[in-house]
Amino acid sequence: MKSRVFPLLITFVVFVLLYLFCLSRFDSFGTTKVICNLLRNYAYLGIPAIGVTFVILSGGIDLSSGSIIAFTGVFCALMIERNGMHPLVVFALILSIGTAFGMMMGVFIHYFKIPAFIVTLSGMFLARGGAYVLTTDSISIRHPFYDEVSKIVYIFPDGGRFTFAAGAFLAVLVLGIFLAHFTRFGRNVYAMGGNETGALLLGVPVGRTTIGIYALSSFLATFAGIILSLSKHSGDSTIAMGAEMDVITGVVIGGTLLTGGVGYVIGTFIGTLVPGVIHTYLTLDGSLTPWWIKIIVGTLLLVFIGLQKLLGSQFDFFKLFRRPPLRAEQQAQ
Amino acid sequence: MRHIKWVVLVLVALSLVAPLAVAQEDTGEGLTIGFSQIGSESAWRTSFTNAVKAEAEARGINLLFSDAQQEQENQIAAMQAWIAQGDVDAIVLAPVVVSGWDVVLQEAKDAGIPVVIVDRNVDSDPSLFVTRVSSDFVHEGRLAAAWLVQATSGQCNIVELYGTVGSAAAEDRNQGFNEVIALFPGMKIIRSETGNFVRTEGKQVMESFLSAEDPANICAVWAHNDDMAIGAIEAIKEAGLVPAKDILIVSVDAIPDIFDSLDAGETNATVELSPFMGAPAFDAVVSYLNGEELPKWVPVAGKLYTDRAAYDADHQ
């Protein structure tokens, strides 16, 4: 059981060491400015990553989050700016659309037994295509409501700006932890990831849970799209290109096993911030190309997947050691 | 040569319109400037980046370079990181899209860090940034037309290979070209069709021009970019004509391939889409820090080249 916490511990140690290294070079890492920037700039990746954590915990995958973020942004901009609707009405509408979209993907995955990879890949193309079909323009949103939301900000004495987006990110994190560990839905998700047939025998409503998981993931991706729209005051169909991969990367670096059943929402939170810390460092350094992020993150991913493999194969590992004496006994007989 | 007076007039007008970066003692030595670039998606973008880096080095500016890998989120995160650290004296931003900059520009302004926009535009309120430095597409069109007027003494039937309809580059180049040829009754655009800035489409459109018109009636091709001009050269050759002699060719961009064509004597002139935006951007920063008033747009005008040697001389 201890091995379940081990990947999370590694994530935490990596993050702390990385942060201390950055702090030794740039003093702004010691201020709330950088911390607040990380929270508000990576909210749009961290929020869907929490949804995708549930998907991966259940043994599935979701490739649609980046496209859903973009679709949401474009939809909001169009409805508010060109159709004159109130943002709150638009938000309610797009959250319903997003959730229904996720439910549909869940239905295809569970009832038609199509691999999640294929279904969510289609979802990714559909949402991205939809965004481009709506408009290829980059639209600014200049609604008073958006200005009001921008004013919701707590400014720390040293200048850190804890914005609405940062708050929403932390709120989703707390709700995600609650959902994973203190509800029947959360237990069902973990059970499914461990073994779906076993979960079925244990009385887990697999169909309902699957649909719920993908609905949750799409809901959070839509919510992230709204947060991004609110913090940038614009909608553009090219945004969050490939963000689904950053989201999945955050989940994996956060210590969630891609095979399902093992992982923590808090790990995803830290995992999402790791590339953010590296990006901030490279930006302040200014002489290294930011493409190093890809190399460092790629290396981290390899390390984490290798680690998982090692932990997953622990049982066989010990068996190997036990075999020789067994053979000796057989030979003796 | 009775039009030569006009040509001189046009050229004088051009030189007045062309912006002149004010020569200054203060080059910005010792300043720290953050430069957020869109990415490295094209050869032109890379030479733009290199030009800015070289200019910074020559001036002794400490340039913090950030490649946003085509993502606006990365650009915003980079700008906020610089604002948080507080080490930069100014930020130069090459925005990937036009919208979504209000919030971060306001934060930079609140922090007292001037922002200069380069290349593409933003739709934010102009009070949020110092100025914008970008190519003057209209000037490029005027320059191409002025060359053609001079080469043909103001008598020419022109076919136009239009860029992507609606793009600023195409519309403005067309506008500038037309402004100048309007001064000469003998200069006429007899056909115009879009080739979308693409080589193959440029060739197809030129083929259709050559079959629709009597080739002897076509005096010159005006292509909105070099790629379409290269396509047109192929079409002209396939029609059994000699490009750059039977039909003159002028285009914009100054990409490396067009100089191969110039070397081979298959095209006549190209106007450079200048990647040298570093110098005017840094000049703008220095002027701003010295408390000078700046116009909200600093156009960068490229030169016209008819051979490789002149281009190489300007680019060392």
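Which residue is the bridge partner of V250(B) in β10(B)? In this predicted model, the answer is A269(B). That pair belongs to a parallel pairing between β9 (residues 248-253) and β10 (residues 269-272) of chain B, which runs over four bridges.

Chain B lines up six strands as β7-β6-β8-β9-β10-β12, in an open sheet with mixed pairing. The edges go to β7 (187-194) and β12 (304-305) of chain B; each has a single partner strand, so one side of each has no neighbour in the sheet. Helix α7 (residues 199-212) of chain B lies across β6 (156-162), β7 and β8 (220-223) of that chain, and its direction makes an angle of about 145° with β6(B).

Now hop over to where the chains meet. Chain A puts 28 residues into the contact, and chain B puts in 28 residues. On the chain A side, α2 (32-41), β1 (139-140), α11 (206-232) and α13 (265-285) each supply at least two residues. Sorted by class, that side of chain A has 16 polar, nine nonpolar and three charged residues.

Among the buried ones are K33(A), R40(A), N37(A) and N41(A), along with V34(A), C36(A), L38(A) and L39(A). What do the buried residues of α2(A) pack against? Within chain A, they pack against α3 (43-57), β3 (161-163), α8 (164-181), α11 and α13, and from chain B they meet α3 (72-85).

Conventions. Residues are numbered from 1 along each chain as its sequence is written. Chains are lettered from A and ligands numbered from 1 in the order in which they are written. This is a predicted model: local features need pLDDT of at least 70, side-chain atom pairs count only at pLDDT 80 or more; totals for chains, interfaces and linings use all residues. Two residues are in contact if their C-beta atoms, placed from the backbone, lie within 7 Å. Ala, Val, Leu, Ile, Met, Phe, Trp, Tyr, Cys and Pro count as nonpolar, Asp, Glu, Lys and Arg as charged, and the others, Gly among them, as polar. Two strands pair if DSSP finds at least two bridges between them. Axes are lines fitted to C-alpha atoms, for helices over the stretch in contact, and angles run from 0 to 180 degrees between N-to-C directions. A residue is buried if 20 or more other C-beta atoms lie within 10 Å of its own, exposed if 12 or fewer, and partly exposed in between; C-beta atoms are placed from the backbone.
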